[in-house]
Amino acid sequence: MPLPLYRTISEPKCVEGNAGLWYDKFCDMWNDDFNSLGDNGKKEWIRTVVRNVGDEALLREIKERVISLISNSGGKAMLFRTTAPFVTGLGRSHPVENGFAWHHTLGVPYLPGSSVKGIVRAWARLWRNLDNGEIRRIFGPDGAGSVGSVIFLDAMPVRPVELKAEIMTPHYGPYYRGDKPPEGWPADWHSPVPIPFLAVAEGQEFLFGVIPRKEATQDCEKVIGWLKEALQEIGAGAKTAVGYGRFACIEAETPEEAAPEPMTPGREWLEKLAEEMGKSVEEIFKTDHKMLFDSWNKIENAELKRAVFQEIKRTYQTKGWWDNPLTNNMKKTLSKYKEYETKEIEG
């Protein structure tokens, strides 16, 4: 009988490639009896994907394709940014007990269109108090296989996604298991049990879109407005009751406005450097900032150097690191950029 792949190779590592395939299929933290991963095994396995995941070029291409589909179909698109950790697919099966929704092809977290539809339908029915006739027209009648006037697309990230490890600590395990009293009472004598799980970090951008069925463009406009309200107020994914899954709208209202901006010379230079390094631009900013500075400092063309500097500064500011560096080394590197900026202004 062939051994599992992870038993036939030594020290398997997930450096690049499809992080979802790795996370779901290559777990090698099992105990010898394959009974469980144990608490440390769960944490260690989650840490193997705590980084930026996804190929920037592929995500840019999928964004362009989705925008084109929405535009040609008369739909609506909207970009959102996570303002809190976002957990998608927590109920899926996985050796760490809490699953994660990975896009099978791109290896990035996403929110299925069916989930987006459920969120908006709940918002319209429970918070907007729409009449049943309008709900049935837009979302379809109750029951499996029903369709309405609006098609909901998967919500996809538009650039590599930063993941993070989170911990939930339920105190009343016996109560949630349905044990009989007195053991099953939700009382303070129970011990808290930390449970690790994977989440999308704050500040990650996702593209949401809807397209009309049978020219229902007005329904699309209503739905995209409800979607904006629902993502801000009740959130998406798991653990929304404790603040997870909140999104803020960062761009609207038409597919043209959500279309990718033309690449600047500074961005082109960064993309080329990242390709040469075999990393994403985001990874370079986070872990190779000294190399990035040295490469930028060698640029001889003053105009290009200025353009790249503006792109570097914009990226650091977007991530919030320009004024709050992650490490002392990053702080030292940023001080050199700021010296250059001061000289540029004074010169």
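## Basis of the description

A residue is called buried when its relative accessible area is under 20%, exposed when it is over 50%, and partly exposed in between (1.4 Å probe, protein chains only). The model is predicted: local features need pLDDT of at least 70, side-chain atom pairs count only at pLDDT 80 or more, and totals for chains, interfaces and linings use all residues. Residues are numbered from 1 along each chain as its sequence is written, and side-chain values use heavy atoms, with hydrogens and water left out.

## Overall architecture

The protein contains 14 helices and 8 strands; these are DSSP runs numbered from the N terminus, helices (H or I) having at least four residues and strands (E) at least two. Of its 347 residues, 43% are buried. Contact means heavy atoms within 4.5 Å. Among contacts between residues at least 6 apart in sequence, 70% join residues at least 24 apart.

## Aromatic pairs

The structure holds 25 aromatic pairs. Rings of Phe, Tyr and Trp (its six-membered ring) pair if their centres lie within 6.5 Å; planes under 30 degrees apart count as stacked, over 60 as edge-to-face and the rest as tilted. Phe86 and Phe247 form an edge-to-face pair, at 5.2 Å centre to centre and with 70° between the planes. Phe86 lies in the loop between strand E2 (76–82) and helix H5 (113–127) and Phe247 in strand E8 (residues 247–251), so the pair ties together parts that are 161 residues apart in sequence. Phe86 is buried at a relative accessible area of 0%, and Phe247 is buried at 2%.

The ring centres of Phe309 and Trp322 are 6.3 Å apart and their planes stand at 70°, so this pair is edge-to-face. Phe309 belongs to helix H13, while Trp322 lies in the loop between H13 and helix H14 (328–346), 13 residues apart. Both Phe309 and Trp322 are buried. They also belong to one aromatic cluster with Phe285, Phe293, Trp296, Tyr316, Tyr337 and Tyr340.

## Lys305 in helix H13

Lys305 lies in helix H13 (residues 302–319) and counts as buried, at 15% relative accessibility. Leaving aside neighbours within four places in sequence, Lys305 is in contact with Trp296, Asn297, Ile299 and Tyr340. Trp296 and Tyr340 are also members of the aromatic cluster.

## Contact of helices H6 and H8

In the contact between H6 and H8, Glu134, Arg137, Ile138 and Phe139 of H6 meet Asp219, Lys222, Val223 and Trp226 of H8.
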